[in-house]
Amino acid sequence: MSDDLSGFTARILQTPAARRDPHGALSTPVYQNAAYEFATADAMELAFTGRTSDHAYSRITNPTVEHFEQRIRRALGAHSVTALNSGMAAISNLLMTVGRAGANVIASPHLFGNTYSLLVSTLGDFGLSVRWADTADPAAVEAAIDADTCLVFLEIVTNPQLEVADLSALSAVCRANHVPLAADTTVIPFSAFRAGDFGVDLEVVSSTKYISGGATGLGGLIIDYGTFDWSRSPKLGRAASAYGVAPTEAFTAKLRREIHRNLGAYMTPQVAYQQSLGLETLEVRYARMAQTTLELARALETTPGIESVNYPGLPSSRFHALCCRQFGPTPPGAMLTFDLASRRACYAFLDRLKLIRRATNLFDNKSLAIHPWSTIFGTFPEEVRRRMDLSPCTIRLSVGLESAAELLADIRQALG
Ligand SMILES: *Cc1c(COP(=O)(O)O)cnc(C)c1O
């Protein structure tokens, strides 16, 4: 954990709601309402035209969701945080805010499956194109940038390849070419790593994962660090003038005053309440999960029956030095993969697990195992799966709160 982040949990715990609860409730209640009532027509006009911070309708803002957003915004020192009802809603809202027909996004094909499909198929149909580049190679990213590039989008640690992006190098390339850098940071939570310190302008997170605290529901976040000057962007430069905001505030203005209202995927108050509780224990849970993952990865490297282990926190990973430099002393995430001799061996292994659950999802309190080739990517054509560097012999493990010894014992017995 870097020094900048010490105090993360205290800031999360101590950020007050915008208004004191009339009953003095110590946690922000679930405001489970769609609409809000006004004393006068004047007050109503002021709220609807954004001249007061009164709530008007829960698709746009809600007190429970707002408090959740503000706790994160304050803990990170970001310009804005927007909570959506899934990680994919966060990613699609971000891309719809920045993208336009005729523009391109630079990304690696090593993407979360739905993000890949969103870019290639869903948004491709609206004229936004993708230029593939190896985001582990800043020179390749620079070569792919052209006058129509509206964004470089990457995952800080790709899933399930576990490739680590060198954010300082990539953000230098983006800065020099006046292109914003967006990162999906789901694999390493912001309690341990503040992406804005490494030049990330826009961050997206699936809060379904670590933040929900036990996989209680779906959620997503868009964090705008307010570090990118949008005045050269044809779309957001115009938005800055239209909304009368500074060029560094154009993204949030466009997102909050237009895109997220029109797409209608705001987080629900019930989920915001549950994820607020998850946020309070995030730092503690993550530190334990990441430490267990490193211990387990080390032990699996010498476990008979396992062909290879991939975890960027291991000295055997080509990303080890970068991880130490970038992520500091906390091991890089609670996900690892290992290869067995064959696809059949993977299925037999999964079928014999007793403690570890056979399920998708990541960073639940329970450890989860899956065979990505046949499930998450099971409907992708084989050549696309090969291009994504997936293998039919890989098991992905998401490490929960059990001890390393218990997990290792289950893995050893399941290897047969
Ligand atoms: C899970 C995940 C998503 C999508 O999030 P949902 O909450 O399931 O919509 C996006 N990116 C990464 C890296 C993920 O792990």
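1. Surroundings of Gln326. In this predicted model, Gln326 is in contact with Val164, Ala165, Asp166, Leu167, Ser168, Phe193 and Phe198, once residues up to four places away in sequence are set aside. Gln326 belongs to helix H11, which spans residues 320-327. Its relative accessibility is 5%, and Gln326 is therefore classed as buried, the cut-off being under 20%.

2. Overall architecture. The protein contains 14 helices and 12 strands. Its radius of gyration is 22 Å, close to the 22 Å that the globule rule gives for 416 residues, so the protein is as compact as a globular protein of that length. Along the principal axes, the C-alpha atoms fill a box of roughly 75 × 55 × 40 Å.

3. Among the 416 residues of the protein, 55% count as buried. Of the contacts with a separation of 6 or more, 72% are between residues 24 or more positions apart. The accessible surface amounts to about 17200 Å², and carbon and sulfur atoms contribute 53% of that area.

4. Thr82 in strand S1. Strand S1 covers residues 80-84 and includes Thr82. The relative accessible area of Thr82 is 0%, so this residue is buried by the under 20% criterion. Beyond residues up to four places away in sequence, Thr82 touches Glu69, Gly220, Leu221, Ile222, Leu255 and Arg256. With Arg256, the link is also a side-chain one: a polar contact of 3.3 Å joins the two side chains.

5. His110 is located in the loop between strand S2 (104-107) and helix H5 (113-122). Despite this loop position, His110 counts as buried, at 7% relative accessibility. Its contacts, leaving aside neighbours within four places in sequence, are Glu155, Thr158, Gln161, Glu163, Arg387, Met388 and Asp389. The side chains of His110 and Glu163 are joined by a polar contact of 3.0 Å. The C-alpha atoms of His110 and Arg385 are separated by 9.6 Å, although these residues are 275 residues apart along the chain.

6. The cis peptide bond. Most peptide bonds are trans. The bond joining Asn159 and Pro160 is cis, with omega of about 10 degrees. Pro160 is found in the loop between strand S4 (149-155) and helix H7 (167-176). A reader inspecting the model may wish to look at this loop directly.

7. Positive phi angles. Most residues other than glycine have a negative phi. His178 has a positive phi of about 60 degrees, although it is not a glycine. This residue lies in the loop between H7 and strand S5 (181-184), and His178 is partly exposed, with a relative accessible area of 41%. Asn361, likewise not a glycine, has a positive phi of about 80 degrees. The position of Asn361 is in the loop between strand S10 (357-358) and strand S11 (368-370).

8. Helix H8 and what covers it. Helix H8 comprises residues 234-243, and its buried residues include Lys235, Leu236, Gly237, Ala239 and Ala240. Helix H4 (87-98) and helix H9 (250-263) are among the elements that cover the buried residues of H8. Just after H8, Gly244 takes a positive phi of about 65 degrees.

9. Glu295 in helix H10. Helix H10 extends over residues 269-301 and contains Glu295. Glu295 is partly exposed, at 43% relative accessibility. In sequence, Glu295 and Ala404 are 109 residues apart, while in space their C-alpha atoms are 6.5 Å apart.

How values were computed:
Residues numbered from 1 in each chain as written. Predicted model: local features only at pLDDT ≥ 70, side-chain atom pairs only at ≥ 80, totals over all residues. Heavy atoms only, no water. Helix = DSSP H or I, 4+ residues; strand = E, 2+ residues; numbered from the N terminus. Buried < 20%, exposed > 50% of the residue type's maximum accessible area, 1.4 Å probe, protein only. Polar contact = N/O pair within 3.5 Å; in protein donor to acceptor, adjacent residues only side chain to side chain. Contact = heavy atoms within 4.5 Å. Rg over C-alpha atoms; globule rule 2.2 N^0.38 Å. Areas by Shrake-Rupley, 256 points an atom, 1.4 Å probe, with all protein chains shown as cover.
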